[in-house]
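Thanks for asking me to look this one over.

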Amino acid sequence: MNSNRIALITGATSGIGEATACILAANNFKLILAGRRSDRLEKLTDELCQVTEVISLSFDVRDRSQTAHSIGSLQGEWKNIDVLVNNAGNAHGLAPIQTGEVEDWDAMIDINVKGLLYVSKQVIPGMIERRAGHIINIGSIAGKEVYPNGNVYCASKSAVDALTKGMRMDLNPFGIKVTGIHPGMVETEFSLVRFKGDAERAKAVYQGLTPLYAEDIADVILFAVTRLSHVVIADMVVLPTAQASATVLKREG
C-alpha cells in the first residue's frame with residue numbers, strides 16, 4: 001500500500017523527524033527531508049539514499065517566502081506529496097508568564113504554529129487536486145493539558161491541536177486524512193533546546209524514569225500512514241508508562 005509514496009518531513013535533521021525518515025525509508029516511502037541544518041540534512045540524505053529515493057530541502061519553516069520557494073522548487077513526481085509530517089517545532093524557556101522572554105514566545109509561535117501553516121499551505125493544494133493525501137501534525141501532551149510555566153508553549157501546541165481538527169473538517173470533502181499525534185515525554189534534543197544548552201538541567205528531566213524515544217513516535221507515525229484508505233487515526237496521545245499526565249510522573253530513586 002505504501003510503495004513509492006512520497007513523504008515530506010519537516011524538522012528531519014534530529015529527533016522524531018530523523019527517526020520518522022528512517023522508518024519510512026525502510027518501508028518503501030520516497031522522502032523529501034526538510035530542515036535548517038544543512039550539514040545534518042546532507043548526512044541523513046546520503047545515508048537514506050542507500051535505502052530509498054531521497055531529496056532534501058534546506059529552509060526555515062518560520063520564513064514564509066523561503067518555505068514557498070523551497071517547496072515550490074520541487075519538480076516532476078516530487079510535487080505529488082502523499083504524506084506531510086509537520087514535525088518541526090520547539091520549546092524555549094520554562095518561565096512563568098510574567099517573566100517570559102518575548103523572543104522565546106516569538107520563536108515558539110513562529111515555528112510551532114505559523115511554520116506548520118506555511119508548509120501546509122504549500123502542500124494542501126496538490127492533495128486537493130489529487131483528492132488524496134495524509135497530513136500528520138505533531139502536537140504534544142502540552143496541547144491537551146496546560147502546566148505551570150508552560151504558558152506559551154502549551155498555547156502553541158493547543159493551536160496545533162485546534163488546527164488539526166480544523167484541517168480534518170475543511171479537507172474532509174477531498175478525501176484527505178489528517179492526524180494529530182501528541183507525545184508526552186520524549187528524550188530528544190527537546191529539553192536541551194528548551195533550557196538553552198544547559199545539559200545538566202536537560203538531563204535531569206529524564207532521570208529516574210524511562211521516557212519515550214524518537215523511534216517510538218516514528219513507529220506510531222508509520223502505523224497511522226499505513227492504515228487502509230477508509231481508516232484514519234484522527235487523534236492519539238502517546239505517553240511513556242511512567243507518565244500519567246503532563247505533570248504526573250513515576251520516578252524511581
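**Notes on the fold**

1. Let me begin in the sheet: strands β5 and β6 (residues 177-183) run parallel and are joined by five bridges. To get from β5 to β6 the chain passes through helix α5 (residues 151-171), and this β-α-β crossover is right-handed. Please keep in mind throughout that this is a predicted model.

2. On its other pairing, β5 meets strand β4 (residues 83-86), again in the parallel sense, over four bridges. Helix α4 (residues 102-130) goes with these two strands, and β4, α4 and β5 make a right-handed β-α-β unit.

3. Now for the whole sheet. How many strands form it, and in what order? Seven strands form an open sheet, ordered β3-β2-β1-β4-β5-β6-β9, and the pairing is parallel. At the edges are β3 (54-58) and β9 (235-238), each of which pairs on one side only. Neighbouring strands are turned against each other by 15° on average, direction ignored.

4. Helix α1 touches β1, β2 and β6, and its direction makes about 170° with that of β1. Helix α4 touches β1, β4 and β5, with its direction at about 170° to that of β4.

5. Further along the sheet, β2 and β3 pair in the parallel sense over five bridges. In this pairing isoleucine 32 stands opposite isoleucine 55 in β3. The chain goes from β2 through α2 to β3 in a β-α-β crossover that is right-handed.

6. Back to β5 (residues 134-138): is this strand mostly covered or mostly open? It is mostly covered, with five of its five residues buried. His134, Ile136 and Ile138 point one way from the strand, while Ile135 and Asn137 point the other way, and all are buried.

7. Leaving out residues up to four places away in sequence, histidine 134 touches Asp82, Val83, Leu84, Met127, Ile176, Lys177, Val178, Thr179, Ala224 and Val225.

8. Valine 178 is one of the contacts of histidine 134 and has its place in strand β6. Valine 178 is buried, with a relative accessible area of 0%. Its contacts, apart from neighbours within four places in sequence, include His134, Ile135 and Asn137, along with Thr164, Met167, Arg168 and Leu171, and also Val232, Ile233 and Ala234. How far apart in space are valine 178 and phenylalanine 195? They are 17 residues apart in sequence and 32 Å apart in space, C-alpha to C-alpha.

9. Helix α1 (residues 15-25) is mostly covered, with eight of its eleven residues buried. These are Ile16, Gly17, Ala19, Thr20, Ala21, Ile23, Leu24 and Ala25. They pack against β1 (6-9), β2 (30-35), α2 (38-48), β6 and α8 (214-225).

10. Asparagine 28, in the loop between α1 and β2, has phi near 75°, a positive value in a residue other than glycine. Arginine 131, in the loop between α4 and β5, also has a positive phi, near 55°. Is each of them exposed or partly exposed? Asparagine 28 is partly exposed, with a relative accessible area of 46%, whereas arginine 131 is exposed, with a relative accessible area of 51%. The two get separate labels because exposed means over 50%.

11. Last, the aromatic rings. The count of aromatic pairs comes to zero. Arginine 227 lies over the face of phenylalanine 223, at 3.9 Å from the ring centre.

Conventions: Residues numbered from 1 in each chain as written. Predicted model: local features only at pLDDT ≥ 70, side-chain atom pairs only at ≥ 80, totals over all residues. Heavy atoms only, no water. Phe/Tyr/Trp six-rings, centres within 6.5 Å; stacked < 30°, edge-to-face > 60°. Lys NZ or Arg CZ within 6 Å of the ring centre and 35° of its normal. Buried < 20%, exposed > 50% of the residue type's maximum accessible area, 1.4 Å probe, protein only. Pairing = 2+ DSSP bridges. Right-handed = clockwise from strand over helix to strand, strands pointing away. Contact = heavy atoms within 4.5 Å. Axes fitted to C-alpha atoms, helices over the stretch in contact; angles between N-to-C directions.
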